[in-house]
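User: Could you walk me through some of the helix packing in this one? I'd like the cut-offs spelled out as we go.

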Amino acid sequence: MDFASLMSAQISKSKPSAIDPGSKKYLKRSDIEAKRVADYEAEQRRLEEEAQARQDKKRKLEEDEADKAKLREEKRRRMAEESRRLQEEEEREQERVRRKRLGLPELPEVKPIGSEEGTPVPEDEDINDEELCVKLRGLEEPAKLFGESHVGRLKRYKRIIDKTLAPVMSTGPIPTTLELVLEADMKVPDSIPTGPEERKFLYRQLASYFTMVLSEWQIALAGRDQAVKTSSTGKAAYAAMLQARDNMVPLFRKLEKGDVEKGILDPVVEIVRCCQRRRYVDANDAYLRLSIGKAAWPIGVTMVGIHERSAREKLHESDKNAAHIMSDEITRKFLQSIKRCLSFAQTRWPPDDQLQLMG
């Protein structure tokens with residue numbers, strides 16, 4: 001065998017064999033590519049089936065957990081309802097025993113929740129069905145709804161009436177049910193009126209004045225430059241305004257109820273009167289009389305030995321000169337808020353006389 005034959009045999013051994021062990025001796029390149037694509041697609045289908053099986057298993061576990069949580073919640077709700085029902089029955093039984101012991105009439109029977117009529121309506125609050133339908137039509141409401149009982153119709157009528165008669169709240173810095181008056185009508189009288197209507201109008205004047213001052217205060221703070229707003233002094237000024245607004249809410253509630261103490265109402269009216277006349281020094285004096293008072297503050301030795309000093313009983317013989325700012329914390333806070341409103345008012349509406357400027 002020559003050298004050329006040996007080299008040919010070695011070269012043929014080193015080349016990859018494309019011979020199929022099957023029937024064919026040689027394979028086409030297209031057949032090899034088609035087989036590779038088929039194997040790839042089969043592998044992808046297998047991976048997709050495994051992923052789908054995992055998702056189905058996870059979904060089934062989640063559904064089982066949701067069903068278990070729903071069952072637990074339903075069981076908890078039933079136990080809570082049962083506990084509430086037992087507690088109501090126990091309280092009702094105790095009330096029945098108490099009424100029987102005191103000789104009071106028996107409690108009316110109440111139908112269970114979910115019945116057609118629901119809670120019974122007292123006789124003094126019941127309305128005839130025909131009259132009730134007329135009233136509902138007068139309110140531009142349907143007289144009867146499908147499946148609605150007389151009790152349900154009566155409750156719907158009462159809800160509409162309560163919503164209609166609800167007091168209207170003002171949209172100022174401090175919402176109040178008092179009807180605010182115009183700026184031209186805010187001038188308070190020189191003396192406290194005695195009539196109920198005049199006294200109520202005075203409360204409206206006071207609420208309107210403080211609402212106007214707080215509104216102007218908010219506008220003044222909002223009109224500042226952004227650099228001033230973000231500074232420490234700017235933030236402190238805004239916080240002081242918010243604190244004054246919140247602390248004056250109890251005063252507005254007292255004005256709404258009309259139960260402002262006379263020892264506080266007279267000085268507050270005097271402060272507002274002086275502010276409206278731009279006499280801020282006089283308003284500050286009225287505030288000092290209200291906050292500090294004129295009561296004697298004993299300094300030094302008031303008692304020597306076992307004998308009391310003369311005229312000691314006159315120190316606290318009356319509280320008309322006492323300091324109302326010391327009465328309680330709520331009063332102290334809204335009186336301090338009045339002082340802050342007074343300080344802002346003299347900058348917003350400066351006085352004609354410079355001697356009336358507070359230091």
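This is a predicted model: local features need pLDDT of at least 70, side-chain atom pairs count only at pLDDT 80 or more; totals for chains, interfaces and linings use all residues.

User: OK, how do helix 9 and helix 11 cross?

Analyst: The axes of helix 9 (residues 262-276) and helix 11 (residues 329-348) come within 11 Å and cross at roughly 10 degrees. That makes helix 9 roughly parallel to helix 11, a label for angles under 35 degrees. Axes here are lines fitted to C-alpha atoms, for helices over the stretch in contact, with angles from 0 to 180 degrees between N-to-C directions, and helices are DSSP runs (H or I, at least four residues) numbered from the N terminus.

User: Which residues of helix 9 and helix 11 meet?

Analyst: From helix 9, Ile264, Val268, Ile271 and Cys275 meet Thr331, Phe334, Ile338 and Leu342 of helix 11, where contact means heavy atoms within 4.5 Å. The residues of this contact divide into 7 nonpolar, 1 polar and no charged; Ala, Val, Leu, Ile, Met, Phe, Trp, Tyr, Cys and Pro count as nonpolar, Asp, Glu, Lys and Arg as charged, and the others, Gly among them, as polar.

User: Switching to helix 7, which residues are buried?

Analyst: The buried residues of helix 7 (residues 232-247) are Gly234, Met241, Ala244 and Asn247, with buried meaning under 20% relative accessible area and exposed over 50% (1.4 Å probe, protein chains only). Seen down the axis of helix 7, they fall within an arc of 165 degrees, so they line one face of the helix; the arc is that of the directions from the helix axis to the C-beta atoms.

User: And what do the buried residues of helix 7 pack against?

Analyst: They pack against helix 5 (196-222), helix 6 (226-230), helix 8 (249-257) and helix 11, whereas the face of helix 7 turned away from its buried side carries the exposed residues Ser232 and Lys235.

User: Last one: is Glu148 buried or exposed?

Analyst: Glu148 is buried, with a relative accessible area of 18%, and is found in the loop between helix 3 (129-138) and helix 4 (150-164). Not counting residues up to four places away in sequence, Glu148 touches Arg153 and Arg156.

Definitions and conventions. Residues are numbered from 1 along each chain as its sequence is written. Side-chain values use heavy atoms; hydrogens and water are left out. Helices (H or I, at least four residues) and strands (E, at least two) are DSSP runs, numbered from the N terminus. Angles under 35 degrees count as roughly parallel, over 145 as roughly antiparallel, 65 to 115 as roughly perpendicular and the rest as oblique. The expected span of a helix is 1.5 Å times one less than its number of residues.
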